[in-house]
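These are my notebook entries on one protein model. I set down what I looked up, in the order in which I looked.

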Amino acid sequence: MQQPENAVKAVPTPPRERIRVFDTTLRDGEQAPGFSMSLAQKLRMAQALAELGVDVIEAGFPKASDGDFESVRAIADSVRGPAICGLARAQNGDIEAVARATAKAAHARIHIFLATSPLHRQHKLNMSREQVLETGFKAVRRARELCDDVEFSAEDAIRTEPEFLIQALQTMIEAGATVVNVPDTVGYTTPEEIGALFARLKREVRGIDTVVLSAHCHNDLGLGVANSLAALANGARQVECTIGGIGERAGNAALEEIVMALRTRGDRFRLETGIRTPLLYPTARLLGDLVGATIPRNKAIVGENAFAHESGIHQHGMLKHRETYEIMRPEDVGFSRTQLVLGKHSGRHALRECMSNLGHELDETQLDAVFARFKALADKKKEVFDCDLDALALGMDPESIGPWKLQHLHATTHLGNGASASVKLRHHDGRLCAEAALGDGPVHAVLRAIARAAGMALDIDDFQIRSLSNGADALGRAAITVRHNGRELHGRGVSTDIVEAAAQAALEVINRIERLHSGQSLPIAANQA
Ligand code: KIV
Ligand code: ZN
């Protein structure tokens, strides 16, 4: 069919260009205080990173210690998919150690770093510009004799004179580098500055189009991700980052934030990664479990609050149309669903929804009555738990909802030899059940003892303890998720004693299961509201 002359032609959107994700959780991340891992833990993490779809895993710094060497070797021997990379100073001993450690990798990379900034040249290296160029050139040459893939990082590139940085990158490309990396080692730059620098490097470094240009941003000013995105927008095609942004000092740019920014704002970046985004949250959780750190609640993408809403206005909006307050779908990053958290800011719509999820279908009159009591309770408590909702729906006092109550709890740790716990539970029908159990730790032991006393096997899907305040007498909050007949049941407990908090959380789930079986959670009668 012929188009009228003045018809507007559709402008085709350019295809998205694929960038490479270089994960340095196991090197830059692991070398920061609080994040060190054993060989077995690193191997587990490397496997998860491969499943996540990163292009390169920087597995460690083989010359730094025998342990690091062995970890890089174990990862290179068994993890397939991403390139396996090891870090080296511009010294033959370091370079050869990486080559040995990664000898069995399907795809190995040697990553050489050498500082280029005047500060580092003068105070750390005691080298002239010429010496830096010569040392780097020789190191890259030696690495290329051993490996086809060699990355050169100009450490502290951002504080390097731009003309010298251009000369240094050009020299390393001539020596055979396949990737040139521009680190903001001290997290000093801004998006505008790094964007302009990358654009200039693309224009002025001879041979830049024959290699991959990479960005590596630290987060000292909280700009790590913004700076990485600005570098990508101006020609970087590899981005170096870590899960959860762990790394030296304030950390590295967070992988999950970069990936989701590129995806969510594809209209601006037209870049894509090979990351399987539904694995982002499980991978961050795995890292937290391995290093014994909790992800901050408000952490972008993978924090517990990332898809949680408490305020009534937001909850109402969310129930009407998800996009009112969410720019990503929780399932796209690995959360099962949006969470409506009930508290003093919540409204009737959210209360009705949460009650319905628990099996309590309320009509308008019932909802009115329950809502008034819910508000009074929420004013008193920090959070309203499932058992509180059950109690409100059943017309009971949240304090007395059972059927099981904890009467006695005793837990002992046997240093180096596990722990034991004994509990006594009282049932509404008058039964008293006492049980004891051993465990790896007191929390483990108490969970086992409580399940035994109530005569139930708990299929625990998730268990977390976190501190709600600071200091030795801080409040601990335990949260447990249990699978029961295809449903997820949640229990929570708060106490200054974390073992007691764990016991309360387990008891909440046990009570809920028992109420489900006795039909108490079924729709309530009008007079109960
Ligand atoms: O921050 C940095 O400069 C580094 C290099 C080793 C790449 O981590
Ligand atoms: Zn770094």
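Entry 1, terms and conventions. I count two strands as paired if DSSP finds at least two bridges between them. Helices (H or I, at least four residues) and strands (E, at least two) are DSSP runs, numbered from the N terminus. The model is predicted: local features need pLDDT of at least 70, side-chain atom pairs count only at pLDDT 80 or more, and totals for chains, interfaces and linings use all residues. Residues are numbered from 1 along each chain as its sequence is written, chains are lettered from A and ligands numbered from 1 in the order in which they are written, and side-chain values use heavy atoms, with hydrogens and water left out.

Entry 2, the three-stranded sheet. I began with T412, whose bridge partner in β14 is S420. Strands β13 and β14 (residues 419–427) pair in the antiparallel sense over nine bridges. The open sheet has three strands in the order β13-β14-β15, with antiparallel pairing. Its edge strands are β13 (404–413) and β15 (432–439), each of which pairs on one side only. Neighbouring strands of this sheet are turned by 15° against each other on average, direction ignored. For such angles, axes are lines fitted to C-alpha atoms, for helices over the stretch in contact, and the angles run from 0 to 180 degrees between N-to-C directions.

I then asked which helices pack on this sheet. Helix α18 (residues 442–454) does, touching β13, β14 and β15, and its direction makes about 145° with that of β15. Helix α19 (residues 498–518) also packs on the sheet, touching β13 and β14, and makes about 145° with the direction of β13. Contact here means heavy atoms within 4.5 Å.

I find eight bridges joining β16 (residues 459–467) to β17, which run antiparallel. Nine bridges join β17 to β18 (residues 487–495), again antiparallel. R477 of β17 is the bridge partner of R466, and R477 also stands opposite V494 in β18. Strand β17 (residues 476–484) is mostly covered, with eight of its nine residues buried. Buried means under 20% relative accessible area, exposed over 50%, and partly exposed in between (1.4 Å probe, protein chains only).

Strands β2 (residues 20–23) and β3 (residues 56–60) pair in the parallel sense over two bridges, and F22 stands opposite V56 in β3.

D28 in helix α1 (residues 25–29) and H218 in the loop between β8 (212–217) and α9 (224–233) are 190 residues apart, a pair that links distant parts of the chain. D28 is buried, at a relative accessible area of 3%, and H218 also counts as buried, at 4%.

I located K42 in helix α2 (residues 39–52). Is K42 buried or exposed? It counts as buried, at 3% relative accessibility. Its side chain is joined to that of D68 by a polar contact of 3.0 Å. A polar contact is a pair of N or O atoms within 3.5 Å; within protein, one must be able to donate a hydrogen and the other to accept it, and residues adjacent in sequence count only if both atoms are side-chain atoms. Not counting residues up to four places away in sequence, K42 touches L26, E30, M37, D68, S71 and I75.

I count 19 helices and 18 strands. Buried residues make up 52% of the 529 residues. The C-alpha trace spans about 85 × 80 × 40 Å along its principal axes.
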